[in-house]
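Have a look at the structure first, then read on.

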Amino acid sequence: MQIAIIDLGSQYTQLISRALRALGVRSTILAPDQVNAWLKNNRPKGMILSGGYASVYESNAPQPPTGILDLGTPILGICYGMQWLVSKLNGKICAPYSQKQYGKTQVIFNIDDELSADIPNDKNGNVTWMSHGDSIDQLPKGFLTIAYSATTDRQIVGISNLDKKIWGVMFHPEVTQTEHGQTIFANFLFRICKCCKDWSGLGAIHNIREKAQLLIKGEKAILGFSGGVDSSTVGAAIGPTLGPNLLAICIDAGNLRQDELTEIKHNAQVAGVRLKIVHAQRRFLKALQGITDPQRKRRIFQKLYGQILLTQAEKFGAQWLIQGTLAPDKIESGKVGQSTVIKTHHNTGKISLKQWDPLAEFFKYEIRDLARKLGLPPGISERQPFPGPGLFVRIIDTPVTVEKLQIVRWADKQVTKTLRRHDIYHEISQLVIALTGRSVGVKGDARVYGWTITVRPVITLDFMTTTGYHIPSGIKTEIENALTQHPKIVRVAFDTTSKPPATIELE
Ligand code: XMP
C-alpha cells in the first residue's frame with residue numbers, strides 16, 4: 001500500500017481515502033496504535049494525518065507515534081493532524097477558541113510550493129472548508145507558511161518543510177466544498193510521494209466478485225434489498241457469482257414512499273437478483289408506538305429489522321447477511337476508527353449471521369460509478385438515497401401513526417411531482433420531506449390546528465457535507481399551494497441549512 005492515512009478522529013477520514021481513490025491510488029486507514037506494527041511490514045510512499053475533534057492540549061488527544069517524524073517519508077497533516085505536527089516539532093498552537101469554527105474560509109496560497117502547484121492564485125483567495133478549534137501561533141523551526149486565511153487576522157493555514165518532507169493544511173482538502181482539494185492531493189501523491197496509479201472501478205467490481213467466491217464458497221446468503229443504488233449495485237455485482245445461493249430480502253415496514261414497492265421489484269429484476277418481500281407494517285407500527293426519540297426509534301427499527309432478516313435467513317438456510325452499507329453509514333454510526341456517533345444507521349447493527357458489506361469503504365458517487373460500469377440504468381444509478389427507516393424518521397417529535405405516514409407520503413409525492421414537472425428534480429441530490437409539528441392555520445374561514453411540512457432539498461456528492469438547494473420562488477409557491485390542499489396541512493417550510501451544522505435528515 002502506497003499511502004497510510006492515520007485516523008485521528010475525524011468524521012472525514014474516509015473521505016481522504018475516497019479522494020485518493022478518485023485519483024487512482026489505494027490507501028489504508030490506521031488507528032494511531034496500529035501504526036508501528038503496520039510499519040514493520042510496510043514501507044509507504046507517504047502518510048496523511050487526518051483531522052480530529054480533539055485539541056492538542058487535551059490529555060487524551062489522539063497521538064500517532066512520534067517515530068513517523070524521523071522516517072523521511074513525506075507527511076501531510078490535515079487540521080488536527082497539522083496541529084499535532086506543529087506542536088510535536090516545537091511550534092506553538094493558540095489556546096483553543098471557545099467554539100469550533102465550521103464552514104467556508106477564503107485561503108490565499110502565497111508561495112510556490114509542490115503542494116499548492118497548479119492552484120490558480122486568486123487574490124480574493126480560494127474557498128476552503130474549515131472545521132477547527134485551534135490555530136497556529138508560531139511555526140516550528142524550518143517551516144514556511146504556504147497559505148494563509150484571507151481574513152484580517154491572516155491565520156496560517158498551510159505550512160511546509162521541504163527538508164523534513166512535512167506539509168500541513170488547516171482546511172479539509174477532502175471535502176468537495178474545498179476548491180482545488182483534489183489538486184492538493186494530486187500534488188501530494190504524484191509530485192511529492194511519486195505514487196503510481198493502482199485503483200480503478202472495474203478492478204473494484206472484480207475484487208468484490210472474487211471476495212464473494214472466497215467468503216461465501218458453497219454457503220447461502222441473503223441480501224438486504226431496498227431497491228436503491230447501493231443494494232442494487234451489490235446485487236448486480238455478486239448475483240452472477242452466487243447464483244441461486246443468493247436471495248434478496250425487502251422488508252416493507254410501512255415506511256416506504258408512494259409506489260416504491262413496485263419500483264423495488266423492478267430494480268431487483270434489472271439487477272438480476274431473486275427477491276422476496278416481507279410485509280411487516282403492523283409489527284413495526286406496534287414496536288414504534290408512542291416513540292418520539294430519534295435514536296430510540298432507530299434502535300427499535302434496527303432490532304426488528306435484524307430479527308426479521310434473521311428469520312428469513314433461517315428459512316432460506318443462509319449463513320450470511322450481505323448489505324449495501326456505505327462508508328458514511330458506518331462513519332456516522334461511529335463504527336469507523338475514532339469518529340463519534342452522529343446517528344445510528346439502521347444497517348450497522350449486530351446480528352448472529354456472518355456479515356459482509358462489500359461497499360463499506362465507498363461513497364455514494366463511487367457506487368453510482370460502479371452501478372454504471374455494471375450496466376444498471378440511470379433510474380438506479382442516479383436514484384436519490386432514501387434512509388432505511390424511511391418515512392419513520394420523517395415524522396419529527398411526534399409518534400408515528402398510519403395517518404401521519406399517509407400525510408408525509410402524500411406530501412412527498414406532490415413535491416416530487418412538481419419538481420419533476422419543472423425538470424429540476426435531477427438537480428437535487430436528496431429531497432427530504434418531513435412532517436415537523438403542528439401549528440395554527442385558517443381553512444375555509446375556520447381555525448385549523450394542522451401539520452407543517454418541511455421541504456429540504458440538498459446538494460452533495462458524498463452526503464457527508466451538503467449545501468441547500470434553493471427552489472425558484474415561483475415553484476416554491478406552487479409547492480405551498482399544492483401541499484396546503486391537504487385538509488391537515490397548514491404550513492410549508494423550506495430548509496436550506498448546510499451540513500454541518502445540520503444533518504440531511506431532520507432526525
Ligand atoms: P444524515 O441525516 O446523517 O444523512 O446527514 C446522510 C445520509 O444517510 C441517510 N440516512 C440513513 N440511511 N439508515 C439509512 O439507511 C439510517 O438510519 C439513515 N439516517 C440517515 C440520509 O438519508 C442521507 O442520505
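Helices here are DSSP runs (H or I, at least four residues), numbered from the N terminus. Just past helix 11, Gly375 takes a positive phi of about 85°. Bear in mind that this is a predicted model: local features need pLDDT of at least 70, side-chain atom pairs count only at pLDDT 80 or more, and totals for chains, interfaces and linings use all residues. Residues are numbered from 1 along each chain as its sequence is written, and side-chain values use heavy atoms, with hydrogens and water left out.

**Helix 11**
- Helix 11 spans residues 364-373, and Lys364, Glu366, Ile367, Arg368, Leu370 and Ala371 are buried there (under 20% relative accessible area, 1.4 Å probe, protein chains only).
- Its buried residues are covered by elements including helix 1 (13-22), helix 5 (201-216), helix 6 (229-242) and helix 12 (378-381).

**Domain 2 against domain 3**
- The domain assignment, automatic or from a database, gives domain 1 (3-192), domain 2 (201-381) and domain 3 (395-494).
- Contact (heavy atoms within 4.5 Å) involves 18 residues of domain 2 and 15 residues of domain 3.
- On the domain 2 side, those touching domain 3 divide into seven nonpolar, five polar (Gly counts here) and six charged.

**Charge pairing**
- There's one salt bridge between domain 2 and domain 3, the term meaning a side-chain nitrogen of Lys or Arg within 4 Å of a carboxyl oxygen of Asp or Glu.
- The side chains of Asp259 and Lys413 meet in a salt bridge, at 3.3 Å from N to O.

Notes
Buried < 20%, exposed > 50% of the residue type's maximum accessible area, 1.4 Å probe, protein only. Helix = DSSP H or I, 4+ residues; strand = E, 2+ residues; numbered from the N terminus.
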